[in-house]
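Hi,

Here is the model I promised to pass on.

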Amino acid sequence: MDYAHARHAGNAGDVFKHVALLAVLQELKPASYVETHAGDGLYPLGSAGEWGDGIQRLWNYSEGGLVGRYVDLARSFSQPGAARPEAYPGSPLLASRFVEKQLLYEIDRQAASVLRRALPNADVRVEDGLAPLAPADLVLIDPPYAQKQEWTDAARAAARIPDTPLLLWYPIKALTRPRALISELARLGIHGTAVELHWTPLRLKRERLNGSGLVFSHIPKRAVSAVCAVLPALGPALQTHGEWGSVVIGF
Ligand SMILES: C[S@@+](CC[C@H](N)C(=O)[O-])C[C@H]1O[C@@H](n2cnc3c(N)ncnc32)[C@H](O)[C@@H]1O
């Protein structure tokens, strides 16, 4: 496993994912929460990193609403008044503000032990998060997509919990795999809405993400609408080349 999320913590993909997660947690108020790929929980940030094009862009956001609540949460992990984020809370830490019962899978031993320190009350299991996946009040599937197979594995895992409220994150560098993922989910009987935010034009090929998407399945419409409503705030803040775009697909 040669993926370490620390390099990416607080990037634009995290921002979009965590704003959406916050919207869903607020609306759904789940009693039980499962994450298939939990990460470290809390990421100390160095003086430069992908967070500079992510959470830093919103650090001084002052317009309230969903984005404001997310930024306030993120700020609460740095010293009051800090000019830049000093640490970034991952999804399990954000979820812990809303849910007591967390089952967190993290395959990397070292990441899992950092996660246990961050969340001593969570049930952290060092194993593949997709294989044992079972229904809960909310499931987040968030693979690193370091290998092509992870796209198929994520769709198949989702299909094993067809009636479960689900959030599934995916990266966008081109549209081929994202569209194949949505077709595969529909073919397997999983339906919902995919919402994408593109912060770098797809014609530009870079090392980093051009955007990311989230599949919402069995998630209240109000939460999905709340995410769509903040795209005009997130897009301009996160865009890297003077333009941004969004796509909403019902399937
Ligand atoms: C994108 S990061 C998770 C970030 C986290 N969900 C968040 O938003 O803060 C992916 C994590 O999955 C872990 N991982 C990779 N393959 C896994 C697997 N099969 N099962 C569980 N964890 C896995 C990696 O070690 C990494 O920490």
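Glutamate 27 is partly exposed, at 29% relative accessibility (partly exposed sits between buried, under 20% relative accessible area, and exposed, over 50%, with a 1.4 Å probe and protein chains only). Its partner is arginine 222: the two form a salt bridge, with the closest N and O atoms 3.1 Å apart. By salt bridge I mean a side-chain nitrogen of Lys or Arg within 4 Å of a carboxyl oxygen of Asp or Glu. Arginine 222 belongs to helix α8 (residues 221-238) and glutamate 27 to helix α1 (residues 12-28), so this pair ties together parts that lie 195 residues apart in sequence. Arginine 222 itself is exposed, with a relative accessible area of 62%. Helices here are DSSP runs (H or I, at least four residues), as are strands (E, at least two), numbered from the N terminus.

Before I go on, some housekeeping. This is a predicted model, where local features need pLDDT of at least 70 and side-chain atom pairs count only at pLDDT 80 or more, while totals for chains, interfaces and linings use all residues. Residues are numbered from 1 along each chain as its sequence is written, and side-chain values use heavy atoms, leaving out hydrogens and water.

Back to the charges. Aspartate 53 and arginine 208 also make a salt bridge, at 3.5 Å from N to O. Aspartate 53 is in the loop between β2 (42-44) and α2 (55-58), and arginine 208 is in the loop between β8 (193-198) and β9 (211-217), so here the pair ties together parts 155 residues apart in sequence. Aspartate 53 is partly exposed at 28% relative accessibility, and arginine 208 is partly exposed too, at 35%.

Asp14, Lys17 and Asp142, meanwhile, are linked in a salt-bridge network. The count of salt bridges comes to 10.

What about the core? The largest nonpolar one (buried Ala, Val, Leu, Ile, Met, Phe, Trp, Tyr and Cys residues joined through side-chain atoms within 4.5 Å) has 83 residues, and Ile141, Phe216 and Leu234 have the most contacts inside it. Helix α1 supplies the largest share of this core, 10 residues. Leucine 234 touches Val15, Phe16, Val19, Leu58, Val67 and Leu197, leaving aside residues up to four places away in sequence; contact means heavy atoms within 4.5 Å.

Cheers
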